[in-house]
Structures are given as structure tokens and as C-alpha cells.
There are 2 protein chains.
Amino acid sequence: MRPLKKNNINNRMKATIVTIGDEILIGQIVDTNSGYIAKALDKIGIQTHEMLSISDDKQHILDTFTKLQNQVDLVIITGGLGPTKDDITKKTFCDYFEDVLVEDQAVLAHVTEIIENFYKRPINQLNKEQALVPSKCEVLFNKMGTAPGMWMKKENTVFVSLPGVPYEMKYLVDQEIVPKLVKEYQRPHIVHQTILTYGQGESMVAERIEAWENNLPHFIKLAYLPAPGRVRLRLTARGGNKEVLEKAVRENVASLAAIIGDIIVGFDEDETIEVVVGKLLATQGKTLATAESCTGGKIAQMITSVAGASGYFKGSIVSYSNTAKVDVLGISPELIAQHDVVSAEVAQAMAVNTKRLLQADYAIATTGNAGPTSEPGKAEVGVVFIALATPETVLVSEFNFGQPREKVIDRAVNKALEMLQQAILRKTV
Amino acid sequence: MRPLKKNNINNRMKATIVTIGDEILIGQIVDTNSGYIAKALDKIGIQTHEMLSISDDKQHILDTFTKLQNQVDLVIITGGLGPTKDDITKKTFCDYFEDVLVEDQAVLAHVTEIIENFYKRPINQLNKEQALVPSKCEVLFNKMGTAPGMWMKKENTVFVSLPGVPYEMKYLVDQEIVPKLVKEYQRPHIVHQTILTYGQGESMVAERIEAWENNLPHFIKLAYLPAPGRVRLRLTARGGNKEVLEKAVRENVASLAAIIGDIIVGFDEDETIEVVVGKLLATQGKTLATAESCTGGKIAQMITSVAGASGYFKGSIVSYSNTAKVDVLGISPELIAQHDVVSAEVAQAMAVNTKRLLQADYAIATTGNAGPTSEPGKAEVGVVFIALATPETVLVSEFNFGQPREKVIDRAVNKALEMLQQAILRKTV
């Protein structure tokens with residue numbers, strides 16, 4: 001990586017992200033690591049030139065390194081670092097950098113601890129080999145697993161090797177690589193600001209903010225990132241002076257808020273619906289419970305994937321059987337017989353009873369047919385009823401989410417969380 | 001693509017898959033098209049050499065074409081074919097093949113029909129331009145959308161361009177490209193076999209099967225695909241005689257089963273633990289319920305992601321609060337006060353009570369601290385108790401799954417399903 005001259009903002013740092021693994025090349029797994037890395041680099045002003053997936057073959061890896069040498073400033077490699085012999089990135093590193101493997105004592109102690117504490121057995125030869133690293137490399141300590149990250153430099157290009165396991169890769173990117181790049185390399189400044197809007201479509205939002213958009217300074221770019229029911233607007237400012245960029249972004253966000261403040265719900269790029277809802281509940285000191293039939297616990301799973309959820313989530317009854325609905329949720333068998341288990345009436349009763357049973361302020365209930373089959377006279381595939389009990393009332397809506405099963409479940413989960421978010425926001429405004 | 005001589009099995013057809021789009025390079029969307037295409041090619045014996053994601057830049061696309069020319073037999077390109085101005089694959093095709101765009105009457109009629117029938121308006125200039133194709137190309141008719149696929153050849157390399165919209169791409173791959181390749185090109189045979197193992201780590205499995213692995217015939221390749229708590233082994237045999245390949249794979253799987261039969265749980269590539277457990281329960285006419293604290297409903301969500309789960313899954317109590325544990329599950333507050341909510345005793349009571357409450361044959365219970373923080377004197381981050389109530393007994397185990405939160409939850413879910421699977425298998429044997 002060229003150390004950039006101060007204020008030389010046109011000199012963009014370029015990176016190529018390489019994924020190693022035959023399993024990707026035969027389509028058995030989808031590479032999600034490259035996207036994560038690209039996003040992290042983009043945030044600190046480093047441009048991803050290409051993403052590349054190659055095989056576990058040593059010559060293929062060597063050829064790739066040679067090709068990328070001095071073509072880009074930074075090469076980030078994931079995969080090929082596990083303990084079995086189809087994992088060969090480390091040996092190829094040694095070849096490419098004309099280096100030898102040496103035992104890293106800190107890594108060895110860490111591997112030993114993981115194996116002995118987690119697997120309850122002594123380490124074997126393959127585990128020991130994980131502590132071998134090229135002698136010239138800078139070890140990136142992997143707190144999350146046994147394979148260390150490695151940072152090597154040759155001429156103008158830095159090569160970083162990371163394990164392919166997503167949470168290990170994420171840990172090393174967030175805790176080691178990004179801070180190191182930020183500290184050691186001067187990059188053009190990039191200031192991103194995301195504005196989350198809710199409830200109006202892309203073209204409608206675009207129409208409302210047209211004049212504002214036309215008046216943006218030349219160094220601020222606007223992107224529309226639409227999703228069902230919501231639009232994220234992303235401002236990206238690039239330049240040599242961070243303060244100037246930040247001030248301009250701040251001012252333009254303020255003038256935007258004056259125009260579409262009614263539909264802005266947040267400003268955090270990574271904010272997912274479960275995080276947004278969690279923050280709303282936490283801020284207001286309110287609690288949530290769910291009763292899930294067709295969504296099978298997925299709403300609970302998403303809510304509880306957020307750290308701190310125990311502060312506002314009371315729990316869920318996944319009522320996949322009539323036993324669960326009748327004996328746990330206290331739905332009367334007559335109501336089910338009269339209206340069918342997939343009905344507005346049953347959804348409403350599920351929400352009301354769950355709210356009371358788990359002593360929550362809000363309760364979501366779902367009942368539907370996610371497919372793939374339906375019985376004669378019963379709800380067809382894709383039909384879902386969602387009920388939301390709030391402190392004041394109960395709302396019930398019917399949807400048809402089509403198919404396949406996966407899509408029905410996902411849409412039902414998102415729609416339910418959206419209904420909750422809107423209900424809380426209505427109370428707030 | 002070279003027309004292959006009969007039985008010339010060493011002459012591998014090689015493909016590179018190229019994705020065009022800035023949105024991929026900034027990590028905004030994940031490329032799932034390449035995996036789909038690679039899988040389809042792999043099934044008909046065509047090896048994917050590399051996958052590559054590049055920007056919407058004309059020169060970048062031209063440079064890529066030039067580099068791939070005669071390096072591989074087949075280049076499949078997705079993206080860059082829509083009606084807006086940042087989509088430039090078609091114009092670049094014309095440049096690269098020194099060709100001109102001409103109006104394709106069949107495509108124009110199709111585009112007109114889609115716009116008029118679906119959007120209820122006359123076609124505009126941008127729509128008309130979608131019917132323009134390079135004069136030398138073979139049009140791949142896109143029944144699913146307005147952008148046609150294009151098949152061009154230059155020297156030894158075929159270039160195929162496809163729209164980036166997944167269901168349009170899939171349609172053209174399945175209905176046009178694969179049949180055309182099968183009909184026009186001779187390819188080597190490929191036989192895959194996946195072996196699913198549970199309960200031992202990658203290095204442990206590798207150690208046990210080392211001698212077997214070293215004795216594999218040269219035309220069979222072994223790959224390890226580890227995930228928390230499980231390892232998939234994949235055998236890939238390539239050659240000219242399908243029967244020989246199949247026989248060799250069959251024999252080697254049999255000799256592998258003789259060594260690690262105790263941890264082999266299935267042979268279906270797409271078979272996940274939730275599918276395996278579901279089949280076991282369905283076959284034996286047994287039912288399952290779960291009580292989930294730290295796993296937050298994820299076990300239920302995985303079980304119910306399988307079609308037909310309502311036949312054996314009774315439901316789940318996601319007891320994220322003491323209210324849920326005491327009022328719904330009927331755990332005594334004294335038990336919680338005495339042993340802490342994260343304890344073997346509470347896990348056991350959760351499993352036993354849930355089994356009775358939901359009238360299930362098996363009940364899984366989880367309670368633990370997924371993090372990120374722990375209170376003084378309470379369970380540290382990563383500690384999880386899993387209880388399994390079977391028709392005969394209750395098993396409780398303590399684990400430390402480390403961190404981060406995501407990993408603790410995933411490992412707990414997998415371990416719980418593994419305990420269930422083993423318990424059912426023990427009954428079967």
C-alpha cells in the first residue's frame with residue numbers, strides 16, 4: 001500500500017478480495033465473506049477493485065498472488081486455513097514469500113486452551129500445526145477460533161489471510177484489520193450517513209426530495225436503497241478534509257429532515273428491523289411477547305439475536321400444535337373448530353392471551369399456512385393472519401405471501417415486526 | 001469450447017463466472033447467482049475455474065474479457081443488462097466482438113407484450129432498446145423478463161451474458177444454457193457423494209480417517225466442510241466411465257462407514273440436522289417440544305423450517321423471562337433462586353415440564369448466557385445447560401461455547417439437536 005501524500009484525495013487505495021475453496025466453485029456454499037469485507041473497506045475509504053473465488057489448488061493460489069502483486073494495494077484472502085490437508089493457504093503463503101513456518105507460542109497456547117476446554121481432549125498434531133505461521137508474518141490473533149489471521153507485505157502490496165468461518169473472519173476484520181488500516185495508512189476521507197425512511201416508495205421519496213437532491217454539493221453522492229415498505233437513503237461524501245465533509249453531511253441531513261421528517265425512522269446503517277424495534281421498546285420501557293404458529297419461533301429468534309433483548313422480550317409460545325394453542329395459550333377448542341386454526345379470530349385470541357400470560361405490553365401472534373400443501377376447505381398456501389395486541393387495542397390483518405415456504409415465513413416475520421414498529425411509533429408521535 | 005474427443009477425460013472443460021455490478025463491490029448485495037450457475041455446470045461435468053465480480057466500468061469489463069479469452073472455454077456473465085444507463089454489458093459486448101446492435105423482432109414483441117400487459121402502458125425508448133442485440137449473437141429468449149440472454153463465440157471461448165435478476169438468470173441457465181451445453185459439447189463424468197458426520201471436530205475426524213484418505217484412488221478428491229458441531233465430507237470422482245466412478249465411490253463410502261460409522265448421520269448433500277431429526281421423529285411416530293431460553297426460539301425455527309414439521313413438532317416455550325419460566329413452564333421460583341436460572345436444575349425442570357405441558361415424547365430445554373455480558377456471581381458468557389427429556393429419562397449437560405453471542409446460540413442449537421438425534425438413534429439400535 002502506498003503511503004498516501006497528505007490531501008492527495010484522488011489517490012484511491014484499491015483492494016481485491018479473494019476467496020479460496022472448491023466448495024464455493026461447485027456452488028455448494030455461497031460466499032458471504034467478501035461482501036462483509038467490501039463493506040468494511042468501503043467505510044474507511046478503500047475501494048474494492050474485484051472479488052475473486054479460486055480453488056484450493058496451490059498453483060492457482062500462487063498464480064493469483066502473482067497477478068495481484070502491485071496491481072492492487074491490498075489483497076484480503078479468506079478460506080484455506082483449517083486444520084485438514086485440503087487447507088493450503090498457509091503453505092502457499094510460505095512459498096510465495098519465500099518463508100518458513102514457525103510455531104507461534106501465543107497461538108499454540110490459545111489453540112490448546114480451546115481444544116482442551118471446548119472439546120475436552122488433548123490437542124493433536126493437526127491442532128498443533130494451526131500454531132505454525134510464516135516467520136515474517138504479523139499474526140492477527142483470532143480470539144474466536146483456532147486459525148490465526150496473517151498479514152504479509154511484498155513490494156507495494158499487503159496480503160492478509162483470514163479464516164473462512166464467518167464470525168472468525170468478522171472478528172478479525174473489525175478488531176484487527178480495520179483499526180490497523182486506519183492507523184497505519186492515510187486514506188481519502190469518506191463520510192457515510194444513512195437515513196432510514198419508512199412507509200413511502202422510492203419514487204414517492206425521490207419526488208419529495210428532488211429539489212434538495214439537486215442542491216447537494218458535488219462531493220456528496222446520494223444512493224437509494226429500496227426494500228419492501230422502506231427506503232434507505234445513503235449519503236457518501238469524499239474529500240481531503242474530514243471536518244468539511246462532516247459539516248456538509250450534517251447540514252444536508254438537517255435540511256432533508258425538514259422535508260421528510262415524517263417518514264424518517266433512524267440513521268444507523270446496520271440497523272435491522274429487530275434492532276430498531278428493540279431500541280424502541282427499550283427506550284419506552286415496554287415489553288414484547290410473541291405467539292407463533294406459522295413463523296415457528298423465527299420472530300423470537302430474531303428479537304433474541306440482539307444483545308440485551310432480555311430487557312424487553314418476555315418470551316414466545318410457538319404453538320405448532322393444538323395442544324399448545326389450547327393447553328398453553330388457552331384458546332378454546334370451539335373457537336378453533338368454528339373459525340379454523342388459520343383465522344383472524346384465532347390470531348386475535350393468541351395475541352390477547354399471550355400478552356396476558358407473559359405479562360407483556362405488546363404481543364404479536366401469527367397463524368397461517370406456510371405450505372407446501374393445503375387441505376381442502378382450509379387456508380391455502382401463503383395465507384397468514386397476524387395479530388398485534390397493544391396496550392390499548394388489538395389489530396389483526398390477513399395476508400397472502402405466496403410461496404415457497406421460506407418466503408412465506410420471512411415475509412410474515414418482517415410484516416409482523418413492521419406492524420409492531422408502526423404501532424409503537426404512532427404512540428410516540 | 002473445444003469439442004472434446006471421445007473418452008478424453010483429461011481434457012476438462014473450464015468456465016469462469018463473472019458478475020458485473022458496483023453494488024456487489026461495495027458489499028451492498030451478495031452475489032448468489034454465481035453459486036447457482038456453478039452448481040448447474042458442475043452437475044454436467046463442467047468445472048468452474050474462477051468466479052469474479054467486477055465493476056460496471058466498460059474498460060474493466062473489456063480487460064476482463066480479454067484476460068479470459070482462450071484461458072477458459074466458457075465465460076458466463078450476469079448483470080449489467082437492465083434498461084438504465086449504468087447497465088453496459090451489451091454495448092461492451094459489441095465493442096469486444098466488433099459488432100453492431102440490431103433490433104431483434106421476437107424480443108421486441110416480447111418486451112412490448114410484457115410492458116403493455118403488465119405495466120399497462122405503451123413501451124418507451126428504454127424498453128425498445130432492450131430488443132437491441134449484437135448482430136452476431138445467438139439470442140437466448142428470456143421468458144421471465146425483458147432482457148434477453150446472449151451467446152457469442154470468439155476463438156476458443158464462448159461468452160454468455162445473462163440478466164442479473166435471479167429468477168430470470170435461473171430460467172435461462174436451466175432452460176437454455178444447460179440443454180445447449182449438454183447437446184453440443186462432450187463433457188467428463190462427475191460423481192459427488194456427501195457424508196454427514198456429527199459430534200467430532202474437523203481435526204479429530206481427519207485423524208481417524210487419515211489412512212483411508214491416503215488410500216483413495218487418484219480420481220477421487222476429498223473435501224472437509226466443517227460447521228459448528230459437524231463436518232461434511234465430500235467425495236468427488238471425475239472420469240470417462242460413469243459406472244467405474246460410481247462403483248469406486250460406493251466402495252470407498254462403505255470402507256469409510258466401517259471406520260467412522262458412529263458419527264455418520266446421513267448421505268444427502270442438502271440434509272441438515274433439522275431434516276435428519278425430523279425424519280427420525282416422523283419415522284418413529286414420536287413428537288418433540290422445546291423450551292428455549294438462551295437459544296431464543298432458534299431450535300423451533302429450524303425444526304419448523306422443514307415442510308411437514310407440524311406432524312412431529314408440538315411447539316416451543318421461549319422462556320426469555322422469569323414470568324415465562326414460572327407462569328407458563330411452572331418452574332418454582334425457589335428452584336430458580338436456589339440454583340440460578342442458568343443451571344442444570346432449571347434446565348432439567350424446563351425439559352420435564354415442557355414435555356408434559358405440550359404432551360410430547362421428547363423435550364429439549366436450553367438455558368445459558370449467550371452474552372455479551374455477565375453479572376458477578378452468575379454464569380459467565382458462553383455457559384449453556386442443555387436438558388433432553390426422553391420417554392425414559394432426562395439428560396442434562398453443561399457446555400461452554402465461548403463467544404460471540406451468535407456462536408453461542410448456534411452451537412447450543414446444534415448440540416441440542418445432536419443430543420436429540422443420538423438419543424433417538426440409541427433407541428433405534
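Student: Is B:E176 buried, partly exposed or exposed?
Tutor: B:E176 counts as partly exposed, at 26% relative accessibility. Buried means under 20% relative accessible area, exposed means over 50%, and partly exposed is in between, using a 1.4 Å probe and protein chains only.

Student: Where is B:E176?
Tutor: B:E176 is in helix 7 of chain B. Helices are DSSP runs of H or I with at least four residues, strands are runs of E with at least two, and both are numbered from the N terminus.

Student: Ok, what should I know about the model itself?
Tutor: This is a predicted model, where local features need pLDDT of at least 70 and side-chain atom pairs count only at pLDDT 80 or more, while totals for chains, interfaces and linings use all residues. Residues are numbered from 1 along each chain as its sequence is written, chains are lettered from A and ligands numbered from 1 in the order in which they are written, and side-chain values use heavy atoms, leaving out hydrogens and water.

Student: Switching to chain A: what span should helix 10 have?
Tutor: Helix 10 of chain A, residues 242-260, has 19 residues and should span 27 Å at 1.5 Å a residue; its end C-alpha atoms are 27 Å apart, which agrees. The expected span is 1.5 Å times one less than the number of residues.

Student: Which residues of that helix 10 in chain A are buried?
Tutor: They are A:L245, A:A248, A:V249, A:N252, A:V253, A:L256 and A:I260. Seen down the axis of helix 10 of chain A, the buried residues fall within an arc of 135°, so they line one face of the helix. That arc is taken from the directions from the helix axis to the C-beta atoms.

Student: And what's on the face turned away from the buried side?
Tutor: In helix 10 of chain A, that face carries the exposed residues A:E243, A:R250 and A:A258. At the start of this helix, a side-chain oxygen of A:N241 comes to within 3.0 Å of the backbone nitrogen of A:E243.

Student: Back to chain B. What does the side chain of B:T367 contact?
Tutor: A polar atom of the B:T367 side chain lies 2.9 Å from the backbone oxygen of B:V341. A polar contact is a pair of N or O atoms within 3.5 Å; within protein, one must be able to donate a hydrogen and the other to accept it, and residues adjacent in sequence count only if both atoms are side-chain atoms. B:T367 sits in strand 15 of chain B and is buried, with a relative accessible area of 1%.

Student: What about phi at B:D340 and B:Q359?
Tutor: B:D340 has a positive phi near 80°, and B:Q359 has a positive phi of about 50°. Neither residue is a glycine. Most residues other than glycine have a negative phi, and most peptide bonds are trans. B:D340 is buried, with a relative accessible area of 17%, whereas B:Q359 is partly exposed at 47%.

Student: So where are the cis bonds?
Tutor: In chain A, the bond from A:G371 to A:P372 is cis, with omega near 10°. In chain B, a cis bond joins B:Q403 and B:P404, with omega about 5°. A:P372 lies in the loop between strand 15 (362-368) and strand 16 (383-389) of chain A.
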